[in-house]
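Subject: A structure for you to explore

Hi there,

Here is the structure I promised to pass on to you. Please open it beside this email and follow along as you read.

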Amino acid sequence: MNNRLLSTYVNPPISLFYGQTRSYISTEKGTRSKNERWCDIKVDVAHGSRNIYDAIDGAFDIQKISVDNSVAEQFASISQLPPVLQIQVQRVQFDPVKKCSFKSTNHLGLLETIYMDRYMDTKNPDIVDRRNQCWEWKASLKRLEARREELLRTKVSNTLSRCSPGLYS
């Protein structure tokens, strides 16, 4: 028996707080996965107030990563929930522009009951399809928000150049 398994077996109170996640990485060569144990889910509120589901989504949503000089997709899902779920709200963040730490005071909306089924590891095609559809919607929304910001900057830039032609040229 390995040490990690032994410590869980010998120390049941500790096992109350440990769950297991299965992480998936998809590359051109295929998909590989691995299991990882954890004692909390880390969530972030640095970029604005959010509800608990939006915050947890950040820990389990698909993301682009670099593997062997190519772009791969990575996501995680919960293969085993702990009896007592701990969620750590990461309030201290690092601002790369200002090159300093700051404390986020953004609100995190909590609920008395949190349904974790959407984050569970499953082979159910309906749930897998729904998860993929949600990721596509989020990617589309992100592109639309970026486009909106671009259009707003263009509008402000054009307005400024018309107001004072010599000043901004």
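**A first stop: Phe17**

Phe17 sits in the loop between helix 2 (12–15) and strand 1 (19–27). Helices (H or I, at least four residues) and strands (E, at least two) are DSSP runs, numbered from the N terminus. Before going on, please note that this is a predicted model, in which local features need pLDDT of at least 70 and side-chain atom pairs count only at pLDDT 80 or more, while totals for chains, interfaces and linings use all residues. Residues are numbered from 1 along each chain as its sequence is written, and side-chain values use heavy atoms, with hydrogens and water left out.

Together with Leu16 and Val84, Phe17 makes a nonpolar surface patch of about 210 Å². Patches are made of residues with over 30% relative accessible area and no salt bridge; like charges are joined within 9 Å, and nonpolar side chains (Val, Leu, Ile, Met, Phe, Trp, Tyr) within 5 Å.

**The overall picture**

The protein has four helices and ten strands. Read along the sequence, they follow the pattern α-α-β-β-β-β-α-β-β-β-β-β-β-α. Of the 169 residues in the protein, 21% are buried. The accessible surface comes to about 12,600 Å², and 54% of this belongs to carbon and sulfur atoms. These areas come from the Shrake-Rupley method with a 1.4 Å probe; for residues, only the protein chains shown count as cover. Among contacts (heavy atoms within 4.5 Å) between residues at least 6 apart in sequence, 62% join residues at least 24 apart.

Now find Ile56, which lies in helix 3. Ile56 is buried, with a relative accessible area of 0%. Which residues does Ile56 touch, not counting residues up to four places away in sequence? They are Val43, Ile87, Ile114, Met116 and Tyr119. The C-alpha atoms of Ile56 and Ile41 are separated by 7.5 Å, and these two residues are 15 residues apart along the chain.

**Aromatic rings**

A pair of aromatic rings is described by the distance of the centres and the angle of the planes. Rings of Phe, Tyr and Trp (its six-membered ring) pair if their centres lie within 6.5 Å; planes under 30 degrees apart count as stacked, over 60 as edge-to-face and the rest as tilted. By this rule there are three aromatic pairs.

In one of them, Phe60 and Tyr119 have their ring centres 5.4 Å apart and their planes at 35°, so the pair is tilted. This pair links distant parts of the chain: Phe60 is in helix 3 (residues 52–60) and Tyr119 is in the loop between strand 10 (108–109) and helix 4 (125–163), 59 residues apart. Both Phe60 and Tyr119 are buried.

Phe75 and Trp135 also form a tilted aromatic pair, 5.0 Å centre to centre with 55° between the planes. Again distant parts of the chain are linked, with Phe75 in strand 6 (residues 70–80) and Trp135 in helix 4, 60 residues apart. Trp135 counts as buried, at 10% relative accessibility. Ring pairs link Tyr24, Phe75 and Trp135 into a cluster.

**Charged side chains**

Side chains of opposite charge can pair when their charged atoms come close. The structure holds six salt bridges, each a side-chain nitrogen of Lys or Arg within 4 Å of a carboxyl oxygen of Asp or Glu.

- Lys138 and Asp57 form a salt bridge, with the closest N and O atoms 2.8 Å apart. Lys138 is in helix 4 and Asp57 in helix 3, 81 residues apart. Lys138 counts as partly exposed at 33% relative accessibility, whereas Asp57 counts as buried at 12%.
- Lys64 and Glu73 meet in a salt bridge at 2.9 Å, N to O. Lys64 is exposed at 59% relative accessibility, and Glu73 is partly exposed at 34%.
- Glu150 and Arg147 meet in a salt bridge at 3.2 Å, N to O. They are separated by about one helical turn, because they are three residues apart in helix 4.

Enjoy exploring, and write back with any questions!

Best wishes

Technical notes. Buried means under 20% relative accessible area, exposed over 50%, partly exposed in between (1.4 Å probe, protein chains only).
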